[in-house]
Amino acid sequence: MTKHDQLHRFLFESHSVRGELVSVSETYQRMLENHHFPQPVQQLLGELLVATSLLTATLKFNGDITVQIQGDGPVKLAVINGNNLQQMRGTARIDGEVNAAGSLRDMIGNGYMVITVTPTEGERYQGVVELDGDTLAECLDAYFKQSEQLPTRLFIRTGMLDGKIAAGGMLLQILPGVQENSEDMFDHLVQLTATIKGEELFTLDAKEVLYRLYHEEGVTLYKPQQVEFRCTCSRQRCADSLVTLPEADLQEILHKDGKIDMECEFCGMHYIFGKKDIFGEKDIFGEKDISEIKVVKKE
Ligand SMILES: [Zn+2]
């Protein structure tokens, strides 16, 4: 039986290693409802979803993380965005044939992974790694090695449960300021964690999973957080992006279609803007007072 999506944080107090365990199957299913992606793309998005959920849970502040993979293969872009409330969304852009048995490399071609961390207050920062691993987990390992962050390992599982797609994962991270000799213990915990099976993550309570993996270690398990599919798009955000387009282009679309129909590529929501919404009451091809423009560029 599927369990509800939750993220659990835990701690090996005597080893100064923290962990996370997440199940995202419902979120994953909801995310794919609006799309018709081939199976390998669905799987890639599931893996990205798990990774983004685990990474977002390491944030010490309010904000969001976008993990995207882009390249010159048939899958131009696969992207997941999640925030500190564990509200997740994602999509992909495909142009060409995706081989059913295709590897990450076959889908993406030459490409890279971009991780963008956007605090609600403060500067955003971005890390980029070339895609030279065979799996997303390998690329993430490369990212953590390159970015000189705390030693971190992710364990990602996707699969099927009761005829539905399912996904979950775990993360281990050495706490800041810990002595080097703790790395042997970290490696030991990594080896134990690597034995986790998808089905265990999809079906078992967190307590049970931790007991199976680490029954000889002392582990503190914290209160879980809900994970859900939620798109953060809005009419205002669409309006904000509309005003970055040249006015002549907007006028041309309005003239041709009588409206501007913006579809959110994450959730499929349509936002319709009429002439009045954009240029006020007057005929947009006539003279107009600048003060009547309702959607205006922010200075
Ligand atoms: Zn949306």
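I shall go through the domains, the sheet and its helix, and then the metal site.

Please keep in mind that this is a predicted model.

I begin with the overall division. The protein is split into domain 1, residues 6-229, and domain 2, residues 235-279. Their C-alpha centres lie 34 Å apart. To the contact between them, domain 1 contributes eight residues and domain 2 four residues.

Next, the sheet. Six strands form an open sheet with mixed pairing, in the order β7-β6-β3-β4-β5-β12. At the edges stand β7 (125-130) and β12 (228-229); each has a single partner strand, so one side of each lacks a neighbour in the sheet. Within the sheet, β3 (residues 63-71) and β6 (residues 111-119) run antiparallel and are joined by nine bridges. In this pair, Val-67 stands opposite Ile-115 of β6.

A helix accompanies these strands. Helix α2, residues 39-56, lies across β3, β4 (75-83), β5 (87-94) and β6. Relative to β4, helix α2 runs at about 30°.

Finally, the metal site. Which residues are the protein donors of the zinc ion? They are Cys-231, Cys-233, Cys-264 and Cys-267, each through its SG atom, at 2.2 to 2.3 Å from the ion. The angles among the four donor atoms are 106 to 115°, and the site is tetrahedral. Along the sequence, the donor residues follow the spacing C-x1-C-x30-C-x2-C. Is Cys-231 buried or exposed? Its relative accessible area is 16%, under the 20% cut-off, so Cys-231 counts as buried.

Methods
Residues numbered from 1 in each chain as written. Predicted model: local features only at pLDDT ≥ 70, side-chain atom pairs only at ≥ 80, totals over all residues. Heavy atoms only, no water. Donors = N, O, S within 2.8 Å, 3.2 Å for Na, K, Ca; no water. Tetrahedral: all angles 85-135°; square planar, octahedral: opposite > 155°, others 65-115°. Buried < 20%, exposed > 50% of the residue type's maximum accessible area, 1.4 Å probe, protein only. Pairing = 2+ DSSP bridges. Helix = DSSP H or I, 4+ residues; strand = E, 2+ residues; numbered from the N terminus. Contact = heavy atoms within 4.5 Å. Axes fitted to C-alpha atoms, helices over the stretch in contact; angles between N-to-C directions. Domains from an automatic or database assignment.
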